[in-house]
Amino acid sequence: MLEESHHYFGRAADVLGLSEKVREILISPKRVVKVELVIEGDDGALQHFIGFRAQHNTARGPYKGGLRYHPSMDEDHAMALANLMTWKTAVVDVPFGGAKGGIDCDPSRLSRAELDRVTRAFVAQTKEVIGPTVDIPAPDVNTNADVMAWIMDEYSKYFGFSPGVVTGKPVDLFGSEGREEATGRGVMYALEEALRDRGRALSDVSVALQGFGNVGSHAARLIAERGGRVVAVADHAGGVARKDGLDVPALVDWTREHRTVAGYPDADTFDGPDIIGWEADVLIPAALEDAITKENAADVRAQVVVEAANGPTTPEAAEILHQRDVTVVPDILANAGGVTVSYFEWAQNIQQFRWDRDRVTDELEKRMRAAYGAVREVARQKQLDLRTAAFVLAIQRVGRAALSRQSVREEIDFG
Ligand code: NAD
């Protein structure tokens, strides 16, 4: 996965004509921490887990990025996703760098008390390298507001009251209104912009989604509220479809109770992986990496793909989609709504001030549309696809900051 994000970086660096030296400065991670977590399970036996925190770049502000609890979490994943965060925070112009981390575990096999203990063990082992002005974690796959609350609580035991150490906290515990739905909401704005470029609107498109967790379910709900027809949804356990549109609120209720869309009664069923080639105008991968590969990219029937997940399209697949004139809104733009509202939450925490939901939503919409507009403009001026344009914009912003903070002097035209 790291290779993939380096591939996209390299292409944008070529457009900007960056020297090897500057590429190395911008791409090298600053620190990767690997920790062993040992907790007592509910049955009294010891359980061992490995946790990671990769910190990529702080040129524009403290490290920022999610924590993922998943068996696929390893050093390579953490570094690749940290890298993406650096470019993502720059694309939406929030004052953070990039980080990512998590724990190699399967949370469905842990009780709530075990999850709490493993989370606190992670904080105890990483507390010197995180903090409100150092590195601010947030939710990602299989982590949520509860996990963030435990992190805040544990960190505060060592360093005193510190709500700004994590974002995505419960609203009752210094979280922000609108954070939980923020990534999905941002996906919806990104989709509206992409459709506008193709002369279409949400109210006349059908949408297929892979992943119905935090990001996918909120995106689906908001798209349906604006008249979009959500015709198919798949997750780790299967898929459900309805040609005239699924009842998204009912599907959300079902999923909350059953932890999967599979088995939802009011729909046809299909094998989850078939979602990629679904007959729909829009495809939103909102699950894990490498959903669209060179093997299935030719099956994609959508005109617009919005990357709600991080890294859902491999470079070979991206090339195939480009040649087929499919608009791909890249992850570092499409799913940046979450980190944007995380920034609002952090700002509220350090100012000890609260914004109401309308203010959060208005500011998020402004930032997402401005970021999309800036990427579109670079794409137009330099004749690039949206992903390369987003990387160019991000590298320009990070590059200017990074070089002005150190004595390295190069004649670089960052545009
Ligand atoms: P989540 O844990 O809430 O949901 C994950 C969803 O993916 C679930 O519906 C799960 O069933 C599905 N899934 C897992 N494995 C699958 C598979 N093999 N096939 C099909 N579906 C599968 O996670 P989330 O927070 O919604 O994150 C989803 C993606 O969005 C991740 O790539 C994450 O990095 C990215 N993201 C999340 C946020 C955020 O704010 N939560 C922000 C930016 C990006």
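Modeller: What follows sets values against definitions, beginning with the ligand.

Colleague: What should I know about the model before we start?

Modeller: This is a predicted model, in which local features need pLDDT of at least 70 and side-chain atom pairs count only at pLDDT 80 or more, while totals for chains, interfaces and linings use all residues. Residues are numbered from 1 along each chain as its sequence is written, and side-chain values use heavy atoms, with hydrogens and water left out.

Colleague: How many residues surround the ligand, and which are the closest?

Modeller: A residue is near a molecule if one of its heavy atoms lies within 4 Å of it. The ligand has 22 residues around it, the closest being Arg-68, Asp-140, Thr-183, His-236 and Asn-310.

Colleague: What classes of residue does the shell around the ligand have?

Modeller: Ala, Val, Leu, Ile, Met, Phe, Trp, Tyr, Cys and Pro count as nonpolar, Asp, Glu, Lys and Arg as charged, and the others, Gly among them, as polar. Sorted this way, the shell has nine nonpolar, nine polar and four charged residues.

Colleague: How far is the polar side-chain atom of His-236 from an oxygen atom of the ligand?

Modeller: The distance is 2.5 Å. A polar contact is a pair of N or O atoms within 3.5 Å; within protein, one must be able to donate a hydrogen and the other to accept it, and residues adjacent in sequence count only if both atoms are side-chain atoms. Asp-140 also places a polar side-chain atom 2.8 Å from a ligand oxygen. With Asn-214 a polar backbone atom is involved, 2.9 Å from an oxygen atom of the ligand. The protein covers 82% of the 830 Å² of accessible area that the ligand has on its own, by the Shrake-Rupley method with a 1.4 Å probe (for residues, only the protein chains shown count as cover).

Colleague: Why is the ligand said to lie between domain 1 and domain 2?

Modeller: Both domain 1 (27-161) and domain 2 (182-334) give residues to the shell around the ligand, so the ligand lies between them. The domain bounds come from an automatic or database domain assignment.

Colleague: Which residues of the largest nonpolar core touch the most other members?

Modeller: They are Leu-26, Trp-87, Leu-191, Ile-284 and Val-329, out of 98 residues in this core. A nonpolar core is a set of buried Ala, Val, Leu, Ile, Met, Phe, Trp, Tyr and Cys residues joined through side-chain atoms within 4.5 Å. Helix H13 (residues 386-404) gives the largest share of the core, twelve residues. Helices (H or I, at least four residues) and strands (E, at least two) are DSSP runs, numbered from the N terminus. Domain 1 (27-161) and domain 2 (182-334) both give residues to this core, so the core lies between them. In soluble globular proteins, nonpolar side chains tend to be buried together.

Colleague: Why is Lys-169 called buried?

Modeller: Buried means under 20% relative accessible area, exposed over 50%, and partly exposed in between (1.4 Å probe, protein chains only). Lys-169 has a relative accessible area of 3%, so this residue is buried. Lys-169 sits in the loop between helix H5 (145-159) and helix H6 (182-197). Its side chain reaches the backbone oxygen of Val-166 at 2.6 Å, and a polar contact of 2.7 Å joins the side chains of Lys-169 and Glu-345.

Colleague: Is Lys-127 buried or exposed?

Modeller: Lys-127 counts as buried because its relative accessibility is 16%. This lysine is in the loop between helix H4 (112-126) and strand S5 (135-139), and its side chain reaches the backbone oxygen of Ala-124 at 3.2 Å.

Colleague: What makes Gln-323 exposed?

Modeller: Gln-323 has 63% relative accessibility, so this residue counts as exposed. Gln-323 lies in helix H9 (residues 315-323).

Colleague: Why is Asn-142 called partly exposed?

Modeller: Asn-142 has a relative accessible area of 42%, so the label is partly exposed. Asn-142 lies in the loop between S5 and H5 and has a positive phi of about 65° although it is not a glycine.

Colleague: Where does Phe-174 lie?

Modeller: Phe-174 lies in the loop between H5 and H6. With a relative accessible area of 37%, Phe-174 is partly exposed.
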